[in-house]
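Me: I would like to learn how to read a sheet, a core and a contact in a model like this one. Please start with the strands.

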Amino acid sequence: MRIVIAKPGLDGHDRGAKVVARALRDAGHEVIYTGLRRTPEQIVRTVLDEDADMVGLSSLSGAHAFLFPRICQLLIEAGCNDVTVFGGGIIPLAERPILFESGMRAIFGPGTKMHEMSDFVDAVVERVSTNQPVGVGEGGDWVWSSGA
Amino acid sequence: MKVEIGSGLAGRERLPTTLFEQAISGNRRSLAKLLTAVENGEVSHDSLGISPREVDGSVIGVTGAPGVGKSCLIDRLLSTWTSNGLKIAVIAVDPSSPLTGGALLGDRVRMESADNNPNVFVRSFATRNQPGGMPNAVVLAADVMRHCDYDVVLIETVGAGQSEIRVVSVADRIVLVEAPLRGDEVQAEKAGVIELADMIVVNKSDLEGSDRAAANIISALEVASNPPPVLLASAKTSEGIEELADQLRTLPAKPGAELARARERLLTAWDSALLSRKDINEVLDSLTSSDNSAQEWVEKNLRW
């Protein structure tokens, strides 16, 4: 899978994003890392040009409730309905439903085990191969129930 | 569950020829999807109905050791060229893990224009260690980009070792990026890609020692016939970037390097053919599980 790992907004904490990028690389995926402080538009452009299958968003600044849905919306507008969006960082449980509603399929909090990330990617591959909705604009109510 | 790299979940629904038409008319998403098909080896010049491009200096390979500033220099070139009305595409190559097949592609991080300039298209390629498809995919990807009205295609390599020279050997021109403080003057005397380069850029000209590094390279190349131009530039301060951008547009191929280039291209094609053998996995297994050396296998199986 080609997976973009992105850091939207004014957030300088990239340890988590880098560890996730590394873990997905070790699970055999091609990971494109965007670097820090990208706008939603820049992230969508990267997903588009790199023809990524998935995009992982990392935010620890508290701006996820604005940035994540905005990226989902722009992806759909750009015709990337089939791209799977997931996220991670400091994201309170109470704020997750609204992110899922915007089209995200998984949110991983602190303490998530490495293998859970690649289990999630495998689950996405499985669903795609059986034609079940998993993209940001494909609807359906499937979301990954994460351990943290 | 083993996930196939390049299984290309997205885009499986459209024909490459349709994508190509849409890409030519300026659709970025179609170009992106077509490049995925190119990377996966699903299309060829024939299936797209195009012939291999004439060498005209518009496809430029940028190589050099890690950390000399290839990506940053490319970013400055992108700004300069696009402000002159050109459209530029970049193929940024990073290595795949030989163990897992995974890759971390990070060249975009240093290319600001990659994400917001409409006249720039940056695509990351992983080397993928397998069926040797890499050089072929790069050649076809560059040709496709040229067909889609990109005036220049830059190919950026990982930058360590002989194999990266090979990938760059598919480009029309080769630019070697150097930097100061990378060793004594003997480094510049060493043979290698320096002899194949059509131009040498000493980056980080804002740092002390850059003049001397350039002087060392110039004096090392002086004794050879037809030395390539050596330019000082700084991606940090933009010093020398205008001149670099100008010269690259009309850079002549280095005379006398034809044989060496042809050899690199032959080796590229040879690697590719060898690694595309249907029995390549059995061959590799037999080499790891028996006492046969690779040398013996070659002598027994590849005689002609």
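Reply: Two strands pair if DSSP finds at least two bridges between them. Strands (E, at least two residues) and helices (H or I, at least four) are DSSP runs, numbered from the N terminus. In strand 3 of chain B, Leu104(B) is the bridge partner of Val31(A), and Leu105(B) of that strand stands opposite Ile32(A). This is a predicted model, in which local features need pLDDT of at least 70, side-chain atom pairs count only at pLDDT 80 or more, and totals for chains, interfaces and linings use all residues. Residues are numbered from 1 along each chain as its sequence is written, while chains are lettered from A and ligands numbered from 1 in the order in which they are written.

Me: How many bridges join strand 2 of chain A to strand 3 of chain B?

Reply: There are 3, and the two strands run parallel. They belong to an open sheet of 6 strands with parallel pairing, in the order 5(A)-4(A)-3(A)-1(A)-2(A)-3(B). Strand 5 (106–108) of chain A and strand 3 of chain B are at the edges with a single partner strand each, so one side of each has no neighbour in the sheet.

Me: What should I look for in a nonpolar core?

Reply: Nonpolar side chains tend to be buried together in soluble globular proteins. A nonpolar core here is a set of buried Ala, Val, Leu, Ile, Met, Phe, Trp, Tyr and Cys residues joined through C-beta atoms within 7 Å. Buried means that 20 or more other C-beta atoms lie within 10 Å of the residue's own, with C-beta atoms placed from the backbone. The largest core has 120 residues, and those with the most contacts inside it include Val55(A), Val31(A) and Ile91(B). Helix 5 (residues 133–147) of chain B gives the largest share, 8 residues.

Me: Which residues does Val55(A) touch?

Reply: Contact means that the C-beta atoms of two residues, placed from the backbone, lie within 7 Å. Apart from neighbours within four places in sequence, Val55(A) contacts Val4(A), Ala6(A), Ile43(A), Val47(A), Val83(A) and Val85(A).

Me: How many residues does each chain give to the contact between chains A and B?

Reply: Chain B gives 29 residues and chain A gives 31. On the chain B side, helix 2 gives the most, with 6 residues.

Me: Where are the domains of chain B?

Reply: Bounds come from an automatic or database domain assignment, which gives domain 1 (9–51) and domain 2 (52–256). Each domain supplies 13 residues to their contact. Helix 2 of chain B gives the most to the domain 1 side, again with 6 residues.

Notes:
Buried ≥ 20, exposed ≤ 12 C-beta atoms within 10 Å, placed from the backbone.
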